[in-house]
Amino acid sequence: MEGMLIRQLQDTAADAEAVRAIAASAFHATEGMAPDTPAGAPAARAQRLAGTRHLVRTDPGGCWIAEQGGTAVGAALSMRREGVWILALFAVLPSARGEDAGRLLLERAAEHGRGCLRGLLCASPSPAAARRYRQAGFTLHPAMRLTGTVDRSGLLDPGDIPVHPGSAVHTHLLDSVDRRTRGSAHGPDHAFMLAHYDELLIADSLAGSGYCYRDGGAVRLLAATSKRIATRLLREALARVPDGEEALVEFLTAEQEWAVDVGLEVGLSLDTRGYLAVRGMRPPAPYLPNGAFL
Ligand SMILES: CC(C)(COP(=O)(O)OP(=O)(O)OC[C@H]1O[C@@H](n2cnc3c(N)ncnc32)[C@H](O)[C@@H]1OP(=O)(O)O)[C@@H](O)C(=O)NCCC(=O)NCCS
């Protein structure tokens, strides 16, 4: 496309803000995608800016921006984690779509993943994005989502698996559970999630191990060595959603039926939305991905 420049993102406030603005506009304009809620906007905005700068630092070669006439119109952010290429963000302003910006951005980001036999991403319902991902060799697993108010009367007796709050001292355990479930550790992304999400819950006993990040009403990531541990962690995370906050568990494929059942137990509503896209691997299980860090 004429006048289109694809350049590497810089670790600056201006570039992070450009990416945030593109994503906000791209996702807002696409049907069915909610913008930041006004109440949560300042915190969500700060978290997004920090997330972009985190990835520019860990994966400068994976983060690209498209400019047209000096204006940023699109972005793709990706990372490599132990042989898995992960796409964290892919967005083009509505006014600049359909003119190859998306394809060019994705090509650059994918070059960063060259040599990775596996790939992972959480895809929105966008048909244009689905086309790009399938053409890039990803298998698209349609995903479900649980939303609503947690009905505490549905919470079952926690049983005998202890769950406790986690911190940076548990990084080794987190990375070990990651390697077992998705085949690669989150590594530096745990530091980011620990700093920015409300809490980390850990289960580590003879019965198995697992962890879960919760941020407000959202379950941001859960990985465990068994469905039993995963179920216990999800029940605990949902029990801890503050009153008045809407619960959210996203990107559940049919492999995560244990999570669907927990959501239904506590009265959440199930619908379909987006895809979990994988290349060279099966969907990790029992596992609830993080939309950006997977
Ligand atoms: C996904 C997105 C980044 C693509 O950007 P783009 O600049 O339009 O991408 P491109 O023009 O390079 O490619 C889009 C492809 O989808 C096709 N397409 C566009 N709209 C489509 C539709 N409604 N149905 C099917 N195909 C469609 C285009 O024809 C093109 O395919 P082709 O190159 O084989 O002809 C952009 O649509 C977007 O920002 N969407 C909203 C945010 C989002 O959902 N991002 C994905 C997050 S996982």
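Helix α5 is followed by G183, whose phi is positive, near 80°. Helices (H or I, at least four residues) and strands (E, at least two) are DSSP runs here, numbered from the N terminus. The model is a predicted one, in which local features need pLDDT of at least 70 and side-chain atom pairs count only at pLDDT 80 or more, while totals for chains, interfaces and linings use all residues. Residues are numbered from 1 along each chain as its sequence is written, and side-chain values use heavy atoms, with hydrogens and water left out.

Helix α5 itself spans residues 171-181, and its buried residues are L173, L174, D175, V177, D178 and T181. Buried denotes under 20% relative accessible area, exposed over 50%, and partly exposed the range in between, with a 1.4 Å probe and protein chains only. An α-helix has 3.6 residues a turn, so residues three or four places apart point the same way. The cover over the buried residues of α5 includes α6 (188-196), β8 (199-205), β9 (208-215), β10 (218-224) and β13 (287-288).

Strand β6 (residues 139-148) contains H141, which counts as buried because its relative accessibility is 14%. Leaving aside residues up to four places away in sequence, H141 touches T253, G274, Y275, L276, V278, R282 and P283; contact means heavy atoms within 4.5 Å. T147 also lies in strand β6 and is buried, with a relative accessible area of 18%. With residues up to four places away in sequence again not counted, T147 touches E246, A247, L248, L268 and S269.

T149 lies in the loop between β6 and β7 (164-165). This residue is classed as exposed because its relative accessible area is 58%. Beyond residues up to four places away in sequence, T149 touches V266, G267 and L268. The C-alpha atoms of T149 and V92 are separated by 33 Å, the two residues being 57 residues apart along the chain.

A polar backbone atom of F90 is 2.8 Å from a nitrogen atom of the ligand, and a polar backbone atom of D100 is 3.3 Å from an oxygen atom of the ligand. The ligand taken alone exposes 960 Å², of which the protein buries 74%; accessible areas come from the Shrake-Rupley method with a 1.4 Å probe, and for residues only the protein chains shown count as cover.

Around the ligand there are 25 residues, of which F90, R103, S124, R131 and R132 come nearest; a residue belongs to these surroundings if one of its heavy atoms lies within 4 Å of the molecule. At least two residues of this shell come from each of α1 (13-29), β4 (84-92), α3 (101-112), β5 (118-123) and α4 (127-135). Helix α4 gives the most, with seven residues. By class, the shell divides into 13 nonpolar, six polar and six charged residues.

The cysteines remain to be considered. The whole structure holds zero disulfides, a disulfide being a pair of cysteine sulfur atoms within 2.5 Å. The sulfur of C63 is too far for a bond because the closest cysteine sulfur, in C116, is 14 Å away. C63 is buried, with a relative accessible area of 0%. For C212, the closest cysteine sulfur is in C122, at 15 Å, and therefore too far for a bond. C212 is buried, with a relative accessible area of 0%.

Conventions: A polar contact is a pair of N or O atoms within 3.5 Å; within protein, one must be able to donate a hydrogen and the other to accept it, and residues adjacent in sequence count only if both atoms are side-chain atoms. Ala, Val, Leu, Ile, Met, Phe, Trp, Tyr, Cys and Pro count as nonpolar, Asp, Glu, Lys and Arg as charged, and the others, Gly among them, as polar.
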